[in-house]
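Here are my notes on this one, in the order I'd talk them through. Have the model open while you read.

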Amino acid sequence: VSPLHPDTGQIEECVASIRAQPVVGDARIVIMADGVYPQQEHRRSDYTEYLNRLTDLVNSTWVGVELAVHDRHRHQVNMTRDALATIDTPCLLFVEHDWLIRPRGDLPGIDWEACIETVTGGGVNVLRFLYPPVISPYHVHMMTDTRPVTIGAVPVIRTAQWSQNPHLASVEF
């Protein structure tokens, strides 16, 4: 449950930002909707209305978007495990509802073909997209590399750290 619910504007922007991408823009999108935390039970009506609005978007506006609603809180990892069982492609793009995939300022767009080849070719299991493109001083000690290395045709800084930024991952991984 988000403080923004029942408003769907944020996820509408997220879906639009994915659809605007070359190569991946027409991919099937699965929106995972978790149940309500017991501590947020007082927000259930807003969340239910949010799900109703999402259902309307899926049924009348969006193409190739599915809604996977869970009747109880399962945590993101369990919903992801369920969704992975339905994926028939070698990789997936995972984007939180409050992130956007789009060029910003003078930053180049994502070379999706190179990224997909790097993941499906085994160069890396996961490419995590970093925005802003700066490593936090608090995370520098978790970086394997001190400067970008090129894997496939993609410059990367390898890390032992994880943040839930948008990422392209091998489904097998």
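1. Which strands do the buried residues of helix 3 pack against? They pack against strand 1 (29-33) and strand 3 (91-94); helices (H or I, at least four residues) and strands (E, at least two) are DSSP runs, numbered from the N terminus.

2. Before going on, bear in mind that this is a predicted model, where local features need pLDDT of at least 70 and side-chain atom pairs count only at pLDDT 80 or more, while totals for chains, interfaces and linings use all residues. Residues are numbered from 1 along each chain as its sequence is written, and side-chain values use heavy atoms, with hydrogens and water left out.

3. Back to helix 3 (residues 75-84): Met79, Thr80 and Ala83 are buried there (under 20% relative accessible area, 1.4 Å probe, protein chains only). Seen down the helix axis, these buried residues fall within an arc of 105 degrees, so they line one face of helix 3; the arc is that of the directions from the axis to the C-beta atoms.

4. Have a look at His5 too, in the segment before helix 1 (9-19). His5 is buried, at a relative accessible area of 10%. Its side chain reaches the backbone nitrogen of Ser2 at 2.9 Å. Setting aside neighbours within four places in sequence, His5 is in contact (heavy atoms within 4.5 Å) with Arg43, Asp46, Tyr47 and Tyr50.

5. Residues lining the largest cavity include His5, Ser2 and Tyr50. By type, that lining divides into three nonpolar, four polar and one charged.

Conventions: On a 1 Å grid over the protein atoms alone, a cavity is a set of points where a 1.4 Å probe fits but cannot get out, and a pocket is an open set with protein on both sides within 12 Å along at least five of seven lines; lining residues have an atom within 4 Å of a point. Ala, Val, Leu, Ile, Met, Phe, Trp, Tyr, Cys and Pro count as nonpolar, Asp, Glu, Lys and Arg as charged, and the others, Gly among them, as polar. Buried means under 20% relative accessible area, exposed over 50%, partly exposed in between (1.4 Å probe, protein chains only). A polar contact is a pair of N or O atoms within 3.5 Å; within protein, one must be able to donate a hydrogen and the other to accept it, and residues adjacent in sequence count only if both atoms are side-chain atoms.
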